[in-house]
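Subject: Structure for you to look at

Hello,

Here is the structure I said I would pass on. My notes follow it.

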Amino acid sequence: MKYNKKYVVSESYFLQHIAPPILAMTVIGAIWEMYTRLAKIPTYILPSPVTVIDHFYNNFSNLVTSGGITLIEAVAGFIIGSTLAMATAVLMGLSRILERSLYPVALLVKVTPMVAIAPLLVIWFGFNMIPIILVAAVITFFPVMVNTYIGLRSINTGILDVFKSVHASNWEIFINLRIPSSLPYVFAGFRVAIPLSVIGAFVGEFFSGNRGLGGIMFVAYHNLDMPALFSAILILAIIGICLTVTISYVEKRWLFWHESFLNR
Amino acid sequence: MEGHISISGLSHTYVDKDVQTTTLIDINLQASRGEFVSVVGPSGAGKTTLLKTIGGLVKPSIGQIFINGNSPKKAQRFKNIGFMMQDPSLIPWLNVMKNVQLPLKLNPSTNQDQSSRALEWIESVELTDYVNYFPHQLSGGMKQRVAFARAMVIDPDIMLMDEPLGALDEITRSSMQQHLLNVWEKTGKTVILVTHSIREAVMMSDRIIVLSPRPAKIIGEVRVNIPRPRNERLEHSDIFQQLIQETKKILEFTKTA
């Protein structure tokens, strides 16, 4: 028998997991709509959901194209940032001196606000995708690096003894034990980093002001075009949710053996 | 004469947060080829440390250990040592087959046929139907059987077992004891078994070594001259009860001393 769990959206899954948030959002939307109508709130302060949906519908292709650009930048930044983060964590695990020299640098980058770094990168690399991807990469780096580093060290000593009892090399221990053991931690880092990468891409775009959802919001903000702002926020939220769901799906497939997925 | 396992003047001390703790003092122990030796003693005495030192996982502070005339590290390199711990320590992301194959894959020596060797041992512990199962899908007893197959797959000269049946329920435990005995009688490995169950020690071994509370010294030895093959019915015999009492007496003496 081969162990293979199928992931199918069943009726009970829909009722338990999908229906409640939809219901909640509908209720919130209805209250919001009634409030803006009854209290006669002007659109430039708070647009009603219907106005936002109307704008969303009329500018759909523009919003989707811009959203696509932001998505590509976020994902590219996430991939570059996490790859570098994992490599750094491995280096730090290999040598104490590297750990002591690299960790403070990483910490320095982490505590510096992204909005302070973003304009610098835009000036250095120009009004193109590069600075935006870099912002997303930098913001992704730290959570993935720290989690990978902790993960590589969190190995079961009993299993390690099994490896040592047959004189396994450090390389064999690294490949067959340390890396797989670190995956639950790495994925925890990914789950923190993926929404951050969207924020990073958005902040980068906001400073270059000419592309993606950040670009749309930059213009809309200066024109007090609230329906456009809300539509862009909506797309940003959708991108964040899709990316998080993707990561969770991959995590579930790879970490079926981990305590956090057993008995679920 | 040098034994198959030969330990002389072994002591072990470790320092943790500036506190020095001695776990083993002047242990001298010989085990001849094919002998089944049990080690009993109060909990926390240092039985596990002794076993890990013999297996080369812990370095002795003083003293020497030879396995088949080699140092424990060298014995590890030749894959002469099979380990079985109280915790099965299976790799959660590998299925039963791959867990059992693991010691063959690591530090590979010859072009042995890994899958057929592994399958043989999986068959011997009666888990053939479970080769594709993952550890979290197995019961405690099944996991221990996988751990046993994994220890045996490299065909080690000596087996070091640290309360391997300690976490099992009574029924599973006695059937596992029988299984271990059968395999041992067939393969003739030299076994050192750490256990807190005197009953288990008498049932399984040729000789019982009794340790004092920490720091552990050898304070007694009981020879189990009961013919083999042995089975559960033995437990009701006079000689069995006598040996249990004898071992208990040595253990209790350490408490009052």
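Which residues touch the most other members of the largest nonpolar core? In this predicted model, they are Val100(B), Ala149(B), Leu160(B) and Ile192(B), in a core of 70 residues. Helix H5 of chain B, residues 140-152, gives the largest share of that core, with seven residues. A separate core of 50 residues includes Met92(A), Met129(A), Val144(A) and Tyr149(A).

Setting aside neighbours within four places in sequence, its contacts are Ile5(B), Ala31(B), Val37(B), Val39(B), Leu51(B), Ile54(B) and Leu160(B).

Chain B overall

Eight helices and nine strands make up the secondary structure elements of chain B. Its radius of gyration is 18 Å, close to the 18 Å that the globule rule gives for 257 residues, so chain B is as compact as a globular protein of that length. The C-alpha trace spans about 55 × 45 × 40 Å along the principal axes of chain B. Of the 257 residues in chain B, 42% are buried. Among contacts in chain B with a separation of 6 or more, 70% are between residues 24 or more positions apart.

Where the chains meet

The contact draws 19 residues from chain A and 21 residues from chain B. On the chain A side, helix H7 (157-165) and helix H8 (170-208) each supply at least two residues. H7(A) gives the largest share of that side, seven residues. Sorted by class, the side of chain A that touches chain B holds 10 nonpolar, five polar and four charged residues.

A helix pair in chain A

Helix H3 (residues 60-94) and helix H9 (residues 212-222) of chain A pack with their axes 6 Å apart, at an angle of about 125 degrees. The two helices, H3(A) and H9(A), are therefore oblique to each other. From H3(A), Ser66(A), Gly67(A), Ile69(A), Thr70(A) and Glu73(A) meet Gly212(A), Leu213(A), Gly214(A), Gly215(A) and Ile216(A) of H9(A). By class, the residues of this contact are three nonpolar, six polar and one charged.

Backbone points to check

Most residues other than glycine have a negative phi, and most peptide bonds are trans. The following depart from that pattern.

- Arg214(B) and Pro215(B) are joined by a cis peptide bond, with omega about -5 degrees; Pro215(B) sits in the loop between strand E8 (207-211) and strand E9 (218-223) of chain B.
- Arg228(B) and Pro229(B) are also joined by a cis peptide bond, with omega about -5 degrees; Pro229(B) sits in the loop between E9 and helix H8 (238-256) of chain B.
- Leu224(A), not a glycine, has a positive phi of about 50 degrees. Leu224(A) lies in the loop between H9 and helix H10 (226-254) of chain A and is exposed, with 11 other C-beta atoms within 10 Å.
- Asp155(B), not a glycine, has a positive phi of about 55 degrees. Asp155(B) lies in the loop between H5 and E6 of chain B and is partly exposed, with 14 other C-beta atoms within 10 Å.

One more loop residue

Ala167(B) is in the loop between strand E6 (158-162) and helix H6 (170-187) of chain B. Ala167(B) is partly exposed, with 15 other C-beta atoms within 10 Å. Beyond neighbours within four places in sequence, Ala167(B) contacts Gln86(B) and Gly140(B).

Regards

Notes: Residues numbered from 1 in each chain as written. Chains lettered and ligands numbered in written order. Predicted model: local features only at pLDDT ≥ 70, side-chain atom pairs only at ≥ 80, totals over all residues. Helix = DSSP H or I, 4+ residues; strand = E, 2+ residues; numbered from the N terminus. Rg over C-alpha atoms; globule rule 2.2 N^0.38 Å. Buried ≥ 20, exposed ≤ 12 C-beta atoms within 10 Å, placed from the backbone. Contact = placed C-beta atoms within 7 Å. Axes fitted to C-alpha atoms, helices over the stretch in contact; angles between N-to-C directions. Parallel < 35°, antiparallel > 145°, perpendicular 65-115°, else oblique. Nonpolar A, V, L, I, M, F, W, Y, C, P; charged D, E, K, R; others polar. Core = buried A, V, L, I, M, F, W, Y, C linked by C-beta atoms within 7 Å.
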